[in-house]
Amino acid sequence: MISQPNDPQLDLLCEQLHQLSAEENWPAKSLKACGDAGVFRWFLSAEQGGMGWSDVDVVRGYLKLSAACLTTTFVITQRTGACRRIAGSTNHLAQQRLLPDLASGAAFATVGISHLTTSRRHLSKPVLSATSDGDSFLLDGYSPWVTGGVHADTLVVGATLEDGRELLAAVAGNAPGVSAESPASLVGLTGSATGMVKFSQVRVTPADLLAGPVENVMKVGVGAKTGGLETSTLAIGLATAAAAYIRNEAIKRPDLSAPAESFAQELSDLQTDLLSAAAGEPLCSTEQLRSRANSIALRTTQAALSAAKGAGYVTGHAVGRWCREALFFLVWSCPQPVQQANLCELAGIAE
């Protein structure tokens, strides 16, 4: 059981995840290994069967995991987002019913909330609506981007009422009216099984309700901060893997030494800022941190491809996979200020 970020057992787990990372299917083996190692308990309090890791320790753990296998770690962030929403709710019965198996890894939960934050927000009609029916609600519509929806025992989803208020609910993956579509074939992280989940007259009882109905339900309770530190952490973890590849190549190719050193210094500075933000003492804004993380993920992976030459462009090479995975950060949970900063950098426009 991994008890702290510098536990040697975490390094052994990361070696195992790295070996399994070449498989671009649903990372069942990797997730089981994480469950067996106690990873899913990091994020919950001791009272809820967890280890109560601090935000700083969680970030340190995520950095190591994402450098080993981005797909597995991304799935864990979505799982953790669901668990934290359940744990942070006032629905104690739902906590007692769901959290023990989620903490042990016996069950899998995920979130369907992007349509409340960054995805499909331009549409005039909510893509997932809720209508009152006595003391319950009926969900109709779809959640466009749900990671591992076809594997979920529990879906923590958000829906919008006609008056604009929103709710969050824990819905069983096999509940009547729930239909997880075949996952989208993505450019990268296809193994995350991310795709649409449809809802047709799905009943949400008080026993399922986690928050709301209220305005801006995502600001209620405790949960993963969309577009915040978790996504930046994953981008930095991926960049760390790519930079390590360049550094190892530089041992036998001196021409790579200067780029390797430059990336190492930039990553060190970025990790310092990330950990400061996690500790509640930010040295820059969350958006600035995210845009910098996106940037270094793109640059280090492409530099690693250049160092790998033609071998890296062959299907199955880790460097090629990293390049595709880096593109993920341009589109996933990417707030407008971050998107604009990335576009300006790509266009060579100084802000």
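This briefing goes through selected features of one protein structure, grouped by topic. The structure is a predicted model. The search for salt bridges in the whole structure gives 13, while the count of disulfides is 0. The largest nonpolar core has 42 residues, and a second, separate core has 41 residues.

**Nonpolar cores**

- Within the largest core, the residues with the most contacts are Leu13, Val39 and Leu139.
- Leucine 13 is in contact with Ile2, Ala33, Cys34, Ala37, Val39 and Leu65, once its neighbours within four places in sequence are left aside.

- Leucine 275 belongs to helix H7, which covers residues 257-278.
- The relative accessible area of leucine 275 is 16%, so this residue is buried, the cut-off for buried being under 20%.
- In sequence, leucine 275 and aspartate 57 are 218 residues apart, but their C-alpha atoms are 8.9 Å apart in space.
- Not counting residues up to four places away in sequence, leucine 275 touches Val56, Val59 and Arg60.

- Arginine 84 and glutamate 230 form a salt bridge, with their closest N and O atoms 3.9 Å apart.
- This pair links distant parts of the chain, since arginine 84 is in helix H4 (residues 70-87) and glutamate 230 is in helix H6 (residues 229-250), 146 residues apart.
- Both partners, arginine 84 and glutamate 230, are buried.
- Another salt bridge joins the side chains of glutamate 266 and arginine 299, at 2.5 Å from N to O.
- Here too the pair links distant parts of the chain: glutamate 266 sits in helix H7 and arginine 299 in helix H8, 33 residues apart.
- Glutamate 266 has 27% relative accessibility, so it counts as partly exposed.
- Arginine 299 has 30% relative accessibility, so it also counts as partly exposed.

- One of the links in question is between the side chains of glutamate 249 and arginine 253, which meet at 3.5 Å, N to O.
- Glutamate 249 is buried, because its relative accessible area is 13%.
- Arginine 253 counts as buried, because its relative accessibility is 18%.

**A buried arginine without a salt bridge**

- Arginine 290 lies in helix H8, which runs over residues 286-308.
- Arginine 290 is buried yet has no salt bridge.
- The nearest side chain of opposite charge belongs to glutamate 287 and is 9.4 Å away from arginine 290; a salt bridge would need a distance within 4 Å.
- A polar atom of the arginine 290 side chain does lie 2.8 Å from the backbone oxygen of phenylalanine 329.

**Cysteines**

- The structure has 0 disulfides.
- Cysteine 69 is in no disulfide, and the nearest cysteine sulfur, which belongs to cysteine 34, is 8.6 Å away.
- A disulfide would need the two sulfur atoms within 2.5 Å.
- Cysteine 69 has 7% relative accessibility, so it counts as buried.
- Cysteine 344 is likewise in no disulfide, with the nearest cysteine sulfur, that of cysteine 334, 12 Å away.
- Cysteine 344 counts as buried, because its relative accessibility is 10%.

- Alanine 193 has a phi near 50 degrees, a positive value in a residue other than glycine.
- Alanine 193 is found in the loop between strand E6 (178-180) and strand E7 (194-204).
- With 8% relative accessibility, alanine 193 counts as buried.
- Serine 333 is not a glycine either, and its phi is positive at about 45 degrees.
- Serine 333 is placed in the loop between helix H9 (318-327) and helix H10 (336-347).
- Serine 333 counts as buried, because its relative accessibility is 8%.

Notes: Residues numbered from 1 in each chain as written. Predicted model: local features only at pLDDT ≥ 70, side-chain atom pairs only at ≥ 80, totals over all residues. Heavy atoms only, no water. Helix = DSSP H or I, 4+ residues; strand = E, 2+ residues; numbered from the N terminus. Buried < 20%, exposed > 50% of the residue type's maximum accessible area, 1.4 Å probe, protein only. Lys, Arg positive; Asp, Glu negative; His and termini not counted. Polar contact = N/O pair within 3.5 Å; in protein donor to acceptor, adjacent residues only side chain to side chain. Core = buried A, V, L, I, M, F, W, Y, C linked by side-chain atoms within 4.5 Å. Contact = heavy atoms within 4.5 Å.
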